[in-house]
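Visitor: I would like to learn how to read some features of a model. Please start with helices.

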Amino acid sequence: MATYLEFIQQNEERDGVRFSWNVWPSSRLEATRMVVPLACLLTPLKERPDLPPVQYEPVLCSRPTCKAVLNPLCQVDYRAKLWACNFCFQRNQFPPAYAGISEVNQPAELMPQFSTIEYVIQRGAQSPLIFLYVVDTCLEEDDLQALKESLQMSLSLLPPDALVGLITFGRMVQVHELSCEGISKSYVFRGTKDLTAKQIQDMLGLSKPAMPMQQARPAQPQEHPFVSSRFLQPIQKIDMNLTDLLGELQRDPWPVTQGKRPLRSTGVALSIAVGLLEGTFPNTGARIMLFTGGPPTQGPGMVVGDELKIPIRSWHDIEKDNARFMKKATKHYEMLANRTAANGHCIDIYACALDQTGLLEMKCCTNLTGGHMVMGDSFNTSLFKQTFQRIFSKDFNGDFRMAFGATLEVKTSRELKIAGAIGPCVSLNMKGPCVSENELGVGGTSQWKICGLDPTSTLGIYFEVVNQHNAPIPQGGRGAIQFVTQYQHSSTQKRIRVTTIARNWADAQSQLRHIEAAFDQEAAAVLMARLGVFRAESEEGPDVLRWLDRQLIRLCQKFGQYNKEDPTSFRLSDSFSLYPQFMFHLRRSPFLQVFNNSPDESSYYRHHFARQDLTQSLIMIQPILYSYSFHGPPEPVLLDSSSILADRILLMDTFFQIVIYLGETIAQWQKAGYQDMPEYENFKHLLQAPLDDAQEILQARFPMPRYINTEHGGSQARFLLSKVNPSQTHNNLYAWGQETGAPILTDDVSLQVFMDHLKKLAVSSAC
Amino acid sequence: MNVNQSAAPVPPFGQPQPIYPGYHQSNYGGQPGTTAPPTSYGAYNGPVPGYQQTLPQGVSRAPPSSGAPPVSTAQATCGQTAYGQFGQGDVQNGPSSTVQMQRLPGSQPFGSPLAPVVSQPAVLQPYGPPPTSAQVTAQLAGMQISGAMAPAPPPSGLGYGPPMSLASASGSFPNSGPYGSYPQGQAPPLSQAQGHQGVQPPQRSAPPLASSFTPPASGVPRMPSMTSPLLPGQGFGGPPVSQPNHVSSPPPQALPPGPQVTGPPGPPPPMHSSQQPGYQLQQNGSFGPTRGPQPNYGSPYPGAPTFGSQPGPPQPLPPKRLDPDAIPSPIQVIEDDRNNRGSEPFVTGVRGQVPPLVTTSFLVKDQGNASPRYIRCTSYNIPCTSDMAKQAQVPLAAVIKPLARLPPEEASPYVVDHGESGPLRCNRCKAYMCPFMQFIEGGRRFQCCFCSCINDVPPQYFQHLDHTGKRVDAYDRPELSLGSYEFLATVDYCKNNKFPSPPAFIFMIDVSYNAIRTGLVRLLCEELKSLLDYLPREGGAEESAIRVGFVTYNKVLHFYNVKSSLAQPQMMVVSDVADMFVPLLDGFLVNVNESRAVITSLLDQIPEMFADTRETETVFAPVIQAGMEALKAAECAGKLFLFHTSLPIAEAPGKLKNRDDRKLINTDKEKTLFQPQTGAYQTLAKECVAQGCCVDLFLFPNQYVDVATLSVVPQLTGGSVYKYACFQVENDQERFLSDLRRDVQKVVGFDAVMRVRTSTGIRAVDFFGAFYMSNTTDVELAGLDGDKTVTVEFKHDDRLNEESGALLQCALLYTSCAGQRRLRIHNLALNCCTLLADLYRNCETDTLINYMAKFAYRGVLNSPVKSVRDTLITQCAQILACYRKNCASPSSAGQLILPECMKLLPVYLNCVLKSDVLQPGAEVTTDDRAYVRQLVTSMDVAETNVFFYPRLLPLTKSPIESTTEPPAIRASEERLSNGDIYLLENGLNLFLWVGASVQQGVVQSLFNVPSFSQITSGLSVLPVLDNPLSKKVRGLIDSLRAQRSRYMKLIVVKQEDKLEMLFKHFLVEDKSLSGGASYVDFLCHMHKEIRQLLS
């Protein structure tokens, strides 16, 4: 087992890939009986400090339908200078540049340690990165001030040759012209009127140069800078201008009467932003960054009316089909998202407000384009400020941790087909021989577009084994998958990263143990969770839970050791042991439970769940709990109410929140001020320890989690109490009668009860 | 103009031609070559034919006419010499027909031999000897034109049948058109002649001729006839005669020296004449006509043809001639009134008093009736019954200028504050408290003077009555003792029951290529920087309460945020012109002083920003819409100043297409040229009015911009339109800036509603002016300034009482420029009469003309211009006929008898008929007509007076030392002497006419050039020279400009220069090139009409 853990970890570090199964069942039938599909979590741009990109282009298989990239798995005939494609078995001549190739003189892509390799493409014009700020001005004064400062600060973080643009909106939408001296110009649009891209470009005066562009394609590159120059300018040129402009931004001047929401034209603003980029820089890396402080209240994409007495839709309204603007708004944003994706741009949404801001309707803008979604209470919080700052963080090479306009192409061996992908991507609708008819997630294609991604962006990719039972794969046969990601690097280079992996086939009947042992329960949990969340977007919550339960039961039936009808005899091997627990917490998670969450929050949580890597995803499913005490070094403890003890300090990380919880006694000591007494310095240290650890987590996390410092009986303790397994509740407290842990006031079932039921159902022959 | 005339006349002539041919050939054959003038006259040729037509008439009469023609020339010459005094018979261009008639006679005289032939022997006799003219004048003086004269013609007729000709002539005139075809041999000459008239130096030709012929010239005047006559003349003694004419013309060839040439006239001329025909014609035309008509007053018939009326009984009238000096002279009337009434203040205490003329400067003392500066009526004595009114046909109208500016010596209306209860009003008719209200029951109640309702006096307003039944405090309260006063309005009088905020001015500047290229934008921005310090203020306020905003536009609109806190202005572009909105609220309308730095910076940058623009398309309606929306958003009233250059053809609401089509003139569709292209502007205007958004439009067109459509909104919102065709900074800067300054600085009332209440028996039924009416009683004015008038027409709806008279109360509710809501009340009491004579005795012709012009100008929107003209003529004839029938002492039917108060009605009306709107000349564009039409609509009486009858001031006649304005002379070419310099102004234009033989010293001291020939024609600025003459003239020009609401650009016109054409257009007593009748001809025609009505 240990070997498999190492193998998995090694693979993840090298290739950014985690498979649910690391030995693959060799027939379609067997594969379906495995319950958890053959799938992987792929982090296309996983940071690889040890992987310098090669400065040449990949060698492709010459078969037009294949075009796989030369990789270490290919058989090479050094004498004949031939290589055989391991996907289609086409024999290919090496290109002339490879004339000197030999066993001892191999190009990097043939070396086994370069199963993942990155090529830099020198061809084509490099276009600068583009950042288009779309700023809501219907904010409170201090919020706007904070936002302005953050934006001004961000200018210094941008690459100097990046193009920036500014659109502000409130009741009207203003597109600012950045190149003018002495007077600041902007184009103003009514916030209530939906305009087509053509109209927008006409009104911005962008359409004239467009004509020659169409007629004379070659001239296009020259035309571009000219066309865009007014609204998108190199930061180095208009740094001062823009700083001043941002500084002079005023709150939306239109009066808001009592009992009304400010009129906010988010829908039109986004539409104009999209139209502007569409007309000027299609297929160039660009970020539209939307900063909004409230829900869209007018025009296309409005989420709620301006009457304060009518609250914004809740899950309750949605279930009752009582959210009158939702469908229309969603449609509007979906249309925008699709257009944006088609242009290769991405949209970020930074929504800071105490109430909902319409993320539910707007989520597709970020989800389909690979943009960020950040939700906070105010722009004047460190949560926003640091999160925003982190967007412009740089990697070990000094490059921005962002990439644009990526296309992910997946190639498989013949025994496999691609069922779909779940993540911040859109389908490119590339049909092909390796595309399955059964869809899981976004399917029906072998290529996806990921308009914006960063080193942690992770996609779940689902496969289907199509090999028939009666056509066994020879012993030792391996299946291969190649992931080809073409993207625009933040240095504006075009790059291609190729990852080729192979796994052994095994006959599920004779070698089930092998397969079982190669099960990656963490990856499987996350992959199943993604499927569940994906379903939850379109299905009723209870249906999804039932589906998840059924899958779990079936898995247990398949791989559990038990005697029929004897729950007590039920055992799971180590490689499956944690899986049910993950599912237990997943069922309670905000990804599937909407109770106590607003529609916006659900959208926000799901957004992040669908793009984070495995580790972060697992934290989201099952938060981590550390305990600090005088009894020894900090230790991870069970996410259980029994861990909540009076003389402990707990640190919980749910990904979205970091909670530091002082046990009852600790809290009393702290109130008594012991930490300030020299003789109790150890207490001071104890108090400090979780804070330091929290800081460490905060440093690395994007987006910044909500940081909560609370204590026994504090109102914020609810964040902790809602997460832990309610092993002690008001129902069984007295029955247990022990003084360990804290009772949770809930009717939810505990893990114990859940497991009992699971065992019972797994062993029952009724299912 | 000639063309038109000619066209009409030609046809008839077909016949005449034959005759002529012979003549012409002989005479003209040679001439043609010679004619130098042709160039200029070329155009005129057309007209000539017209003249010929007359000839045709002559044709029948041909013989006589022929005789006559020579005469005409002769006359012309004579005119100069002999008539020098008169100035000129020439003037009579207008009614060529009439002229012809006259001429015929004239011609007769000339051909002295022929003379007998000439229809009017009697006349002739007089002619021979200058005295005749004298006689005529005498007659004229009497105002009565002896019809008797007419008969005379027959005699002449005998030989020539001139009388006949006359008649026929009239008919023929119209025909003249046909001439076109004829032109060939004969016609040409003639045509030339005509042309000349128009163009021409009547003087030159005239003088020489005159000398030879003397008075008879009068007959001559009908140059046209002349031609015809000439031909015949040739046949007859013709040759000589014709020669003279020709001769005169020759000089014209010499053009420059014109006058001199005239000298040579004699024999040689014949040849010349033929060549120069053009000239001659001109001369003839001008001269002939004048004289003819003058002498013949009675002869009206001739005129008839012109008017389209048939010749009627030519025979009877033919020969009469009228002396221009004998017919009523506007100058004399004005002068008399000035002398008689200028010295005493006009006290308004007495009911039904006719005020002095608008041309007289006088002081007003308000003792209970509104000053004539506020209200003038067509008659101060209203017929008691509607039957009487119908009989007299005198329109009952009041021209009201509610916010008129007063001279400094007169106090502006007192403001009365009645506190929270607001002004006291009649409960039933809502009339406001005024001096005519009758207090009864010891002062506890009052009876409304308008509806007789008895109202309680509120306790706080109670006051005891004295023994005469007057309130003891009557003289302490303006509303009980004055004709005009103001009330402070309470919140009930405000929109939405909220006191208004101070109004705003929004400057909206076209920055398309045209505007940039002409330098307009730069000029304007520069000017605005200082002009903004002079926004109108109320009373002693330190700074204006008015806020300002700026918009520029071409195909899209640019709004500017000039908030004081900004370091630099912000520009906001709105491209969505289809659905206009205002992109900002705060910072668009600002206080000038607070935002001065930002505004200055903006105005500095606007010209730079657009310096390289290539955008030529503009929008228009969205601009107004934007301004209006801005005011709406700011919840205030205000004014938009639009500076616009071109036809708005960009895709947007209110988009226009070029629909200018001169072919429509004189057709039933002509009215469409005055109508807006689209209804969109009316709708927009309605919204503007609702918001109190007044629009002032400054146009700078290079070509057709469709003023008729663009001016809809200004018109309906009480705004003004200014037009600067082919604007060039160097030439038009002064005029534009001056207008702009005045327009921005003038005191304006906003969001106004005017209501005219009347005592029982009459009712306000019709309104004319720049405003909008959503119902039949309330005049809504988004803006109203001190230059705008509203003309109101009244009709009877019951019998009036002589004792109680008739009362008018005009109440204007408005927001002052400081944002104060006020009511201005003007009261006026009129007498009522049962005798028509009283009516005629108390009329005001100037006001009448104001009304009639506005009525006619509105009429052209819906009826063919011709029928509008006919209506005017008919109404005038009816008015005068009614007088003749009911009021005048019995006299010969042939006499034209005019009421003293209305003796100028014919001359003024003729001016209206000849105005560009009703009778456009060839050079008058469709835009010009629409512009003038629009202007006249809100003119006051003084403005219409001078507009229709321009003031012509001789500059060198009076001693240089005299400080007073030189006495005006009549607007006729005859009155000009080529040794003098004249100023002519009509409120819009200002000409300085320089005679060809002005002393060199004068030229030097005025123009700083050694000789006449070196004066730049078209000069618009006089050099500043330090000599008495220069100072005096420049001073006079300045003072004339100061009297007018618009800056008049000076144009220096040299005698016989091309520009003289333009100038002559304003010599309204003469026959006009566009076919307008001369004064004399028109008078004759009017006489004829009257006679027809009487019989």
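Guide: The expected span of a helix is 1.5 Å times one less than its number of residues. Helices (H or I, at least four residues) and strands (E, at least two) are DSSP runs, numbered from the N terminus. This is a predicted model, in which local features need pLDDT of at least 70 and side-chain atom pairs count only at pLDDT 80 or more, while totals for chains, interfaces and linings use all residues. Residues are numbered from 1 along each chain as its sequence is written, chains are lettered from A and ligands numbered from 1 in the order in which they are written, and side-chain values use heavy atoms, with hydrogens and water left out.

Visitor: What span should helix 8 of chain A have?

Guide: Helix 8 (residues 266-280) of chain A has 15 residues, so at 1.5 Å a residue the helix should span 21 Å; its end C-alpha atoms are 21 Å apart, which agrees.

Visitor: How many residues of helix 8 of chain A are buried?

Guide: Buried means under 20% relative accessible area, exposed over 50%, and partly exposed in between (1.4 Å probe, protein chains only). In helix 8 of chain A, 14 of the 15 residues are buried, leaving the helix mostly covered.

Visitor: How is a pair of aromatic rings described?

Guide: By the distance of the centres and the angle of the planes. Rings of Phe, Tyr and Trp (its six-membered ring) pair if their centres lie within 6.5 Å; planes under 30 degrees apart count as stacked, over 60 as edge-to-face and the rest as tilted. Over all chains, the structure holds 67 aromatic pairs. One of them, A:Tyr187 with A:Phe231, is edge-to-face, at 5.4 Å centre to centre and 80 degrees between the planes. This pair links distant parts of the chain, 44 residues apart: A:Tyr187 is in strand 11 (residues 184-190) of chain A, and A:Phe231 is in the loop between helix 6 (220-228) and strand 12 (233-234) of chain A. Both A:Tyr187 and A:Phe231 are buried.

Visitor: Are the rings of B:Phe507 and B:Phe550 stacked or edge-to-face?

Guide: Their centres are 5.8 Å apart and their planes are at 20 degrees, so the pair is stacked. B:Phe507 in strand 11 (residues 501-510) of chain B and B:Phe550 in strand 12 (residues 547-553) of chain B are 43 residues apart. B:Phe507 counts as buried at 0% relative accessibility, and B:Phe550 is buried with a relative accessible area of 1%.

Visitor: Which residue lies over the face of A:Trp547?

Guide: A charge sits over a ring if NZ of Lys or CZ of Arg is within 6 Å of the ring centre and within 35 degrees of the ring normal. A:Arg535 lies over the face of A:Trp547, 4.2 Å from the ring centre. In chain B, B:Arg1046 lies over the face of B:Tyr722 at 4.1 Å from the ring centre.

Visitor: Where is a positive phi found in a residue that is not a glycine?

Guide: B:Asn666 has a positive phi of about 70 degrees. B:Asn666 lies in the loop between strand 16 (636-644) and helix 28 (680-691) of chain B and counts as exposed at 61% relative accessibility. Another case is B:Asn1008, with a positive phi of about 60 degrees; at 44% relative accessibility, B:Asn1008 counts as partly exposed.
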